[in-house]
Amino acid sequence: MRASAIEFRLRMAINAAIILFGFWAPWMGGFGAGRRVSLLEWLALELSRTGLARFTVAAPVVIVVAALLAAAGAALRVWGTAYLGPATVQNMNMRADAVMADGPYRYLRNPLYVGLWCTVAATAFLMPPSGALVTMALLTVFLFRLTLGEETFLSTQLGEPYLAYFRTVPRFLPRLRFAPPRAGARPHWLRGIAAEIFPIGVFIDMAFLSWSYNDRLMLKALLISLGVSLILRALLPSAAQATPASA
C-alpha cells in the first residue's frame, strides 16, 4: 500500500499529472469540447436549484469555502517549509536527519501533505465537477501512500525518537493539546514563502479573482504563479545549501 522510492522521487510530477488530469477530464471530450462548467459554478447552481439558497447567495458561499481551503493550504505549506527548509521539501530522496517537532509539526505529522491537499481542493473548484472528484480521489490515495512510505522509512532510520513522536502527534488531523515541547528549530519565513508561491497564488486566485467569475482569468493567474514557483524552486535548493542551517 505504501509508495515506492520511485514514486517518492516522482511525487511532484505525479501530483502535477493528477491535477492536469482533473482539468483535462478526457471523458468529457478534452480541452476542445467548448466551455465546460466549473465546480465552482456548478455547486452554486445546484444550491440554488435545490432551493437551499439563491444563486446570488450560493455563489459567494462557494467562493468563500474555496478561499478558506486555499488559505489553509498556503498557511500549512509556508509554515511547514519555513521549518523543514526548501532543500528538504524538494529533495528527490527521503531524508531522516532528525525528528522535526517544531512549528506545525508539533500538531500534525504531515502539514505539507495536508496543505497540498487543501491547495488542490481549492484548485479543483476550477475543474469540471467530475474532474474535481477524480482528482481529489487520486490525490488522497497517493498522499496516503506517500505518508505510509515515509513513516516506514523514518521509523527504520530514527528508531525510538520518531516512534515516540509518532505516538504523540496525529497523522493528518491537527491536535493542539498534548503537543510535544518545542525543539528549538528556527523558521526561515522568506524561504518558505518563496518556495510556496503556487499555494499562495491559489489563495489569491480564490480570494480575489474568483469574484470576477472569469475562469479564463483565474486559470491564467494559476499558470503564472506555477511558472514563478518552478523558477524559484529551481533556485532555492542551491541557495539553501550555500547558507549555514543556523542562518
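Contact here means heavy atoms within 4.5 Å. By that rule, Ser210 of this predicted model touches Leu40, Ile63, Asp205 and Met218, not counting residues up to four places away in sequence. The largest nonpolar core has 36 residues, and α4 gives the most to this core, with seven residues.

**Nonpolar cores**

- Within the largest nonpolar core, of 36 residues, those with the most contacts are Phe125, Leu146, Val202 and Met206.
- Two or more residues of this core come from each of α2 (11-24), α3 (39-49), α4 (55-84), α6 (111-123), α7 (129-158), α10 (197-207) and α11 (215-242).
- The largest share is that of α4, which supplies seven residues.
- Met206 touches Ile63, Ala66, Ala67, Ala70, Ala122, Thr123, Phe125 and Leu126, when residues up to four places away in sequence are not counted.
- Another core, of ten residues, lies apart from the largest one, and among its members are Tyr83, Val89, Leu158 and Tyr165.
- In soluble globular proteins, nonpolar side chains tend to be buried together.

**Helix α4**

- The 30 residues of α4 reach 43 Å from the first C-alpha to the last, close to the 44 Å expected at 1.5 Å a residue.
- Gly85 follows α4 and has a positive phi, near 95°.

- α6 is mostly covered, as twelve of its 13 residues are buried.
- The buried residues of α6 are Pro111, Leu112, Tyr113, Val114, Gly115, Leu116, Cys118, Thr119, Val120, Ala121, Ala122 and Thr123.
- The axes of α6 and α7 come within 11 Å and cross at roughly 170°.
- Because angles over 145 degrees count as roughly antiparallel, α6 is roughly antiparallel to α7.
- On the α6 side the meeting residues are Tyr113, Leu116, Trp117, Val120 and Ala121, and on the α7 side they are Thr135, Met136, Leu139, Thr140, Leu143, Leu146, Thr147 and Glu150.
- The residues of this contact of α6 with α7 comprise nine nonpolar, three polar and one charged.

**Pairing of α7 with α8**

- The axes of α7 and α8 come within 6 Å, with a crossing angle of roughly 135°.
- That angle makes α7 oblique to α8.
- Glu151, Leu154, Ser155 and Leu158 of α7 make the contact with Glu160, Pro161, Tyr162, Leu163 and Phe166 of α8.
- Six nonpolar, one polar and two charged residues make up the contact of α7 with α8.

- Most residues other than glycine have a negative phi, and most peptide bonds are trans.
- Ala25 is not a glycine, yet its phi is positive, about 40°.
- Ala25 lies in the loop between α2 and α3 and is buried, with a relative accessible area of 0%.
- Tyr213, also a residue other than glycine, has a positive phi near 55°.
- Tyr213 lies in the loop between α10 and α11 and is partly exposed, with a relative accessible area of 43%.

**Asn15**

- Asn15 lies in helix α2.
- With a relative accessible area of 10%, Asn15 counts as buried, because buried means under 20%.
- Leaving out residues up to four places away in sequence, Asn15 touches Leu116, Leu139, Phe142 and Leu143.

- Ser210 is found in the loop between α10 and α11 and is buried, with a relative accessible area of 1%.
- Ser210 and Glu41 are 169 residues apart along the chain, and their C-alpha atoms are separated by 10 Å.
- Ala185 has its place in the loop between α8 (160-168) and α9 (189-195).
- Ala185 is partly exposed, at a relative accessible area of 31%.
- Apart from neighbours within four places in sequence, Ala185 is in contact with Tyr83, Met100 and Asp102.
- Ala185 and Ala13 are 172 residues apart along the chain, and 30 Å separates their C-alpha atoms.

Methods
Residues are numbered from 1 along each chain as its sequence is written. This is a predicted model: local features need pLDDT of at least 70, side-chain atom pairs count only at pLDDT 80 or more; totals for chains, interfaces and linings use all residues. Side-chain values use heavy atoms; hydrogens and water are left out. A nonpolar core is a set of buried Ala, Val, Leu, Ile, Met, Phe, Trp, Tyr and Cys residues joined through side-chain atoms within 4.5 Å. Buried means under 20% relative accessible area, exposed over 50%, partly exposed in between (1.4 Å probe, protein chains only). Helices (H or I, at least four residues) and strands (E, at least two) are DSSP runs, numbered from the N terminus. Axes are lines fitted to C-alpha atoms, for helices over the stretch in contact, and angles run from 0 to 180 degrees between N-to-C directions. Angles under 35 degrees count as roughly parallel, over 145 as roughly antiparallel, 65 to 115 as roughly perpendicular and the rest as oblique. Ala, Val, Leu, Ile, Met, Phe, Trp, Tyr, Cys and Pro count as nonpolar, Asp, Glu, Lys and Arg as charged, and the others, Gly among them, as polar. The expected span of a helix is 1.5 Å times one less than its number of residues.
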